[in-house]
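Try each task before reading its solution.

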Amino acid sequence: MFFRRIANDHLFQSGYLIGCQANGTALVVDPTRVIEPYLDVARQEGLQIVAIADTHIHADYVSGMRELAAATGARMYLTGAGPSDWQYGFRDESNVTVIGDGDTITIGNIRVVAKHTPGHTPEHLSFLVTDGAAAEEPMGIVTGDFVFVGDVGRPDLLERAAHIADTAEAGARQLFRSLQWFKTLPDHLQVWPGHGAGSACGKGLGAVPQSTVGYERRYNWALGTDDEEMFVRQVLAGQPEPPGYFGRMKVVNRDGPRVLGRLPEPVLVTADTIADTAAARKGVVVDTRPATHFAAGHIPGSLNLPLTKSFTSYAGSVLPYDRPLYFILPDVGAEAVRTLVESLVVIGFEQLVGVADDSVVAEWASHRGSLATAPSQEIETLRSKQDGEVLVLDVRNRPEWDAGHIPGARLIPLPELTSRLDELPKDAPIRVHCQGGARSAVAASVLRANGFTDVTDLSGGFASWMGRGGAVERGRGDG
């Protein structure tokens, strides 16, 4: 048996290629829309991809099943274990087999048995993998978003991202029951999860890429209680806001993503194109330089999304899907542009029109006038302000807010900001903060690009406020 984990670092996600070397065929589980890594591994190992399966209808990225099937002719295996309104919209296509609990996918000598493990989502399957050439019992389980290293998949996404009422607690109870089955598996069984640390699909995922059932039974908090009520409270408590694009991904993956054939190829554009786009709002200009560079001077109307590990998540929360996107990059070489495209295509962006070298900022200043700046101030200066003089906007997650927040502040988590702009006064001074400064810089640029004129980023964030003895309130509510 050939086994390879294929990681997508933009998503903190893992897909798996499982091949039978005896007959040269392979199965891919949970591929992303960027399919070249799977094709490359299969080609290098002399394997033909003949089967593709997803563990569930994903919320955090566009599934690559249809893309990979179109490129290889492979058969798609879709879970049919969910309720009627969460069945795949392309389940009747000729190259699809619908599977459920106990069904087997055979790849040469390899047997892959589906097990219905609802909780993260009601249709979720895990896959027990047996190398039939060497053993009669499974060697591992592909758990998708069911069991992670040190955590389990969050059961609240249907309610909080897809807005299906009263599903979070029901999902938590399903998850508890699925975990009782997981506990019966042998200790030696390897656990191959769908995500690691950094993913928003859980709240405490480990950074180690795989584990064993025995290790998780001993050290995973979710397997440490047999009290269902306690488990439900614990698994639902403290879950962060899902990124803004999660709800869209659920629908796209359920109904069937469009097959691209190849990745978008944004063209190199001039400073004039960037400036005209920003001024006329014919598209969205995204400046990917570090926040400090953007603050010192940027093209008016542009957004700031630095190229950090959080870029994809932030982009999915604040960028529109229905407008052309242009990017200012420190490097417009082929590899850098491809990395940008891949990080956005995997979450469904397709209107990636143009890129420009960051020298366009200075060029714009030479020919068009003064650059815009992004003012900031130390968060401690709020202590000298009178109540009501400014609106303090906290863009952290609700669990962070509940643990402690600045008295009188207003909470709008970053993933909700673009849909709640009309709740904020455009004629009032707004001071924005998060925990450490990254999210607030993004949020401040969103506000300015949408016509808010008096916006200041509070550097240091809430961590600095706490560190210097600032007053704190605790409790729920948006302030």
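The exercises cover a helix pair, the nonpolar cores and a sheet in this predicted model.

**Exercise 1.** Find how the axes of helix α8 and helix α12 cross, and which residues make the contact.

Solution. Take α8 as residues 271-280 and α12 as residues 359-368. Their axes come within 9 Å and cross at roughly 75°. Angles of 65 to 115 degrees count as roughly perpendicular. The two helices, α8 and α12, are therefore roughly perpendicular to each other. Next, list the contact. Helix α8 supplies Ala271, Asp272, Ala275 and Asp276, and α12 supplies Val360, Glu363, Trp364 and Arg368. Sorted by type, the contact residues are 4 nonpolar, 4 charged and no polar.

**Exercise 2.** Identify the residues that touch the most other members of the largest nonpolar core.

Solution. This core has 54 residues. Leu305, Leu319, Phe327, Leu393, Leu417, Leu424 and Leu447 touch the most other members. Helix α14 (residues 438-449) gives the most to the core, with 6 residues. Now take Leu319. Leaving aside neighbours within four places in sequence, Leu319 contacts Val284, Val286, Leu303, Leu305, Leu325 and Phe349. Another core, of 24 residues, lies apart from the largest one; Val41, Ile49, Ile57 and Met65 are among its members.

**Exercise 3.** Give the strand order of the open sheet of 6 strands, then locate its edges.

Solution. The order is β7-β8-β9-β10-β11-β12, with mixed pairing. β7 (104-107) and β12 (211-212) each have a single partner strand, so one side of each is left without a neighbour in the sheet. Now inspect one pair. β8 (residues 110-116) and β9 (residues 125-131) run antiparallel, joined by 7 bridges. Ala114 stands opposite Phe127 in β9.

Definitions and conventions: Residues are numbered from 1 along each chain as its sequence is written. This is a predicted model: local features need pLDDT of at least 70, side-chain atom pairs count only at pLDDT 80 or more; totals for chains, interfaces and linings use all residues. Side-chain values use heavy atoms; hydrogens and water are left out. Axes are lines fitted to C-alpha atoms, for helices over the stretch in contact, and angles run from 0 to 180 degrees between N-to-C directions. Helices (H or I, at least four residues) and strands (E, at least two) are DSSP runs, numbered from the N terminus. Angles under 35 degrees count as roughly parallel, over 145 as roughly antiparallel, 65 to 115 as roughly perpendicular and the rest as oblique. Contact means heavy atoms within 4.5 Å. Ala, Val, Leu, Ile, Met, Phe, Trp, Tyr, Cys and Pro count as nonpolar, Asp, Glu, Lys and Arg as charged, and the others, Gly among them, as polar. A nonpolar core is a set of buried Ala, Val, Leu, Ile, Met, Phe, Trp, Tyr and Cys residues joined through side-chain atoms within 4.5 Å. Buried means under 20% relative accessible area, exposed over 50%, partly exposed in between (1.4 Å probe, protein chains only). Two strands pair if DSSP finds at least two bridges between them.
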